[in-house]
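Here are my notes on the model you sent. Please read them with the structure open.

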Amino acid sequence: MVRVVTIDGPSGSGKGTIARLLADRLGWHCLDSGALYRLVGLAADRAGVSFDDPVALEAVARGLEAEFVGERVLLGGEDVGLAIRTEQAGNLASKVAAVPGVRAALLDWQRAYARPPGLVADGRDMGTVVFPDAPVKVFLTADAEERARRRHKQLLEKGISANFAHLVAEIRERDERDRSRAVAPLKAPAAALEIESTALPIAGVLDRVLERVRSAFPDLAV
Ligand code: C5P
């Protein structure tokens, strides 16, 4: 059994940052499952597929020609690392993510990331659906305005312009869609360590997660 730590939470809760820091600290693999949904959204948009056509969206997910090469994300050989990070791509992702066939198509792909020595997986349903037996599950939250502030900063750092008020509205809209969908809705897994990070710096969040990791895997020297 490969060791898995899951980190779920809403958009902008800091789960991607924590997952990356934790994976580096442990020397484990890292799965950014949101990137897969973003890729399906982008591929569907580019192919002119209707977002109201679940069969066609599932076909896009099954035929996805995506590759992760180091920090680069390729779609059909083209680097789409920036294109998948826009808020529009996040919104398209959350639309395709509500389609059961799309989620099913990505399941094996995600599980294949669980390779020795271990995996840190971040997303919305890592602890509830994809890795239900993970010994450590974390659920990160923060209030919507704080998450929008973080997202705004991240986007500006990447040279992507964004309007703060729109970001808050988009984050709320995306949360609502992710929480209310019928399949794999965003919710805290049972027995998850829940961390409210509105006023907690990244280092404080990481410390709390590490504490949980140490108690689940006492042989790890971290
Ligand atoms: O985490 P990120 O913001 O990149 O995710 C983009 C969208 O992909 C989310 O709003 C959500 O709808 C979807 N997603 C999902 N399940 C995951 C990861 C992401 O439904 N495990």
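1. **Basis.** This is a predicted model, in which local features need pLDDT of at least 70, side-chain atom pairs count only at pLDDT 80 or more, and totals for chains, interfaces and linings use all residues. Residues are numbered from 1 along each chain as its sequence is written, and side-chain values use heavy atoms, with hydrogens and water left out.

2. **Polar contacts.** A polar contact is a pair of N or O atoms within 3.5 Å. Arg 38 places a side-chain N or O atom 2.6 Å from a ligand oxygen. For Asp 178, the distance from a side-chain N or O atom to a ligand oxygen is 2.6 Å. For Lys 15, it is 3.2 Å. On its own, the ligand has 450 Å² of accessible area (Shrake-Rupley method, 1.4 Å probe). The protein covers 98% of that area.

3. **Where the shell comes from.** Helices here are DSSP runs (H or I, at least four residues), numbered from the N terminus.

4. **A helix pair.** α1 (residues 15–26) and α9 (residues 202–216) pack with their axes, lines fitted to C-alpha atoms over the stretch in contact, 10 Å apart. The angle is about 50 degrees, on a scale from 0 to 180 degrees between N-to-C directions. The two helices are therefore oblique to each other; angles under 35 degrees count as roughly parallel, over 145 as roughly antiparallel, 65 to 115 as roughly perpendicular and the rest as oblique.

Methods. A polar contact is a pair of N or O atoms within 3.5 Å; within protein, one must be able to donate a hydrogen and the other to accept it, and residues adjacent in sequence count only if both atoms are side-chain atoms.
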